[in-house]
Amino acid sequence: MTADKEIAPGLMARIDGKRDDLIALTQELIQIPTLNPPGENYRLICEYLETRLKRSGFDCQLIRAKGALGDSDAYPRWNIIARREGSVAGDCVHFNSHTDVVEVGAGWTFDPFGGELKDGNIYGRGACDMKGGLAASIIAAEAFIEECPDFAGAIEISGSADEESGGQAGVAYLAEQGFFAPERVQHVIIPEPLQKDRICLGHRGVWWAEIETFGEIAHGCMPFLGDCAVRHMGAVLDAFENTLYPALATRVTEMPVVPEGARTSTMNINSFHGGMAEIPANSDALPAACVPDSCRMVIDRRFLVEEPLEQVRSEMTELLEGLRGSRPNFDYSLREMQHVLPSMTEKKAPVVTSVAQSIAAVMGVEAELVASPGTYDQKHIDRIGKLKNCIAYGPGILEMAHKPDEYIGVDDMIDSTKVMAMSLLDLLAPAP
Ligand SMILES: [Zn+2]
């Protein structure tokens with residue numbers, strides 16, 4: 001503990017001295033346009049990180065998720081795992097960042113891949129989600145290694161593909177290969193933009209399903225000769241409004257999900273289509289007069305750690321079966337598209353305690369423990385890697401993610417870098 005206290009001031013000063021390096025690193029990462037889809041420049045960004053991290057004594061492996069969902073010869077899914085061993089045995093602290101960014105979209109006043117610095121902010125697609133976090137973790141590790149070369153254990157930094165599209169060829173693949181096995185890695189920090197004084201413990205679950213109702217086609221001038229699938233789906237919507245939505249609104253999780261509206265169970269209707277193929281907007285074409293024999297709806301249900309997945313599924317089945325019992329000719333199919341179980345790290349887990357202490361030491365505030373309404377790569381580290389000691393912690397404002405003129409504040413990055421470095425010192429300090 002005394003060693004920590006002696007080292008800390010030098011470590012903080014060293015990070016202040018790396019401000020320009022942190023800015024340049026963030027800018028250069030933004031300037032590699034790793035758009036996903038389709039998954040561009042993964043190899044390039046991995047090679048960039050390899051060159052950088054080798055200089056600080058990291059052993060680097062570039063790993064292609066060959067054959068994983070999303071991988072192709074045109075758009076290969078490359079990942080990097082960099083590991084720096086300390087002088088003596090100890091725990092391994094792993095920083096995982098995704099290297100992909102989402103599409104640019106309209107409304108930018110900055111060059112989305114320019115990385116321009118203006119008034120203390122760096123602008124660009126991926127600045128906050130999450131190249132700024134990646135840069136912060138690299139500077140934290142480098143400063144710590146310089147200040148404390150005889151540290152115990154190991155530091156790992158990974159850059160992984162495809163988080164924005166599910167992470168199958170990124171963290172899921174790496175976890176399947178054993179890179180997140182608890183005997184290899186003990187603490188994981190994912191520098192997603194959750195705000196520099198917040199620790200994110202996990203996320204709610206996801207259940208995507210498609211409901212289709214069936215009818216019978218007939219001439220639209222004699223609808224009584226057919227059976228309208230859209231009206232049947234209307235009955236499903238009624239049941240949602242009258243029973244399901246009120247029920248979901250009463251379920252409140254113990255998880256500290258932010259924003260608070262996401263603390264209850266929620267469901268979005270993602271798409272809805274019935275009848276003939278849609279005519280493009282503003283077209284002169286006219287549809288043929290037919291009674292719809294099919295109506296399809298995709299639902300995006302977000303569930304709580306307190307709700308078993310089985311209950312989420314059976315609740316929907318019971319609602320639909322109820323309509324089958326009460327509504328003449330009601331017929332449907334229900335197809336699950338994907339599910340992700342909720343994930344929550346315990347509030348007393350070592351990485352939570354350590355980062356909370358570091359936030360207090362660096363910023364003089366009590367860390368806010370939060371959970372995310374949507375999922376991120378923690379699901380794979382938890383479910384496939386079986387590693388529970390995992391959080392998201394990084395600079396940037398979540399609301400800025402995926403927006404035009406996305407930016408990251410340099411001061412925020414400096415504070416987060418210090419927090420990460422202090423946790424390295426706490427978790428990997430050499431024995432006195
Ligand atoms: Zn992200």
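Visitor: In which loop does G166 lie?

Guide: This is a predicted model. In it, the strand concerned is β6, residues 152–160, and the helix concerned is α5, residues 171–176. G166 lies in the loop between β6 and α5.

Visitor: Is G166 buried, exposed or partly exposed?

Guide: A residue counts as buried with 20 or more other C-beta atoms within 10 Å of its own, and as exposed with 12 or fewer. G166 has 18 other C-beta atoms within 10 Å, so G166 is partly exposed.
The class for G166 is therefore partly exposed.

Visitor: What distance separates the C-alpha atoms of G166 and D377?

Guide: Along the chain, G166 and D377 are 211 residues apart.

Visitor: What separates the centres of domain 1 and domain 2?

Guide: The domain assignment gives domain 1 as 2–203 + 342–428, and domain 2 as 205–278 + 287–340. Taken over C-alpha atoms, the separation of the two centres is 38 Å.

Visitor: Which strand gives the most to the side of domain 1 that touches domain 2?

Guide: The contact takes eight residues from domain 1 and 12 residues from domain 2. On the domain 1 side, the residues divide into six nonpolar, one polar and one charged. The strand that gives the most to this side contributes three residues, spans 368–372 and is β14.

Visitor: What share of the contacts between residues at least 6 apart in sequence joins residues at least 24 apart?

Guide: The protein chain has 10 helices and 16 strands, and its C-alpha atoms fill a box of roughly 85 × 45 × 40 Å along the principal axes. Of its 432 residues, 44% count as buried. Among contacts between residues at least 6 apart in sequence, the share joining residues at least 24 apart is 81%.

Note on methods
Residues are numbered from 1 along each chain as its sequence is written. This is a predicted model: local features need pLDDT of at least 70, side-chain atom pairs count only at pLDDT 80 or more; totals for chains, interfaces and linings use all residues. Domain bounds come from an automatic or database domain assignment. Two residues are in contact if their C-beta atoms, placed from the backbone, lie within 7 Å. Helices (H or I, at least four residues) and strands (E, at least two) are DSSP runs, numbered from the N terminus. Ala, Val, Leu, Ile, Met, Phe, Trp, Tyr, Cys and Pro count as nonpolar, Asp, Glu, Lys and Arg as charged, and the others, Gly among them, as polar.
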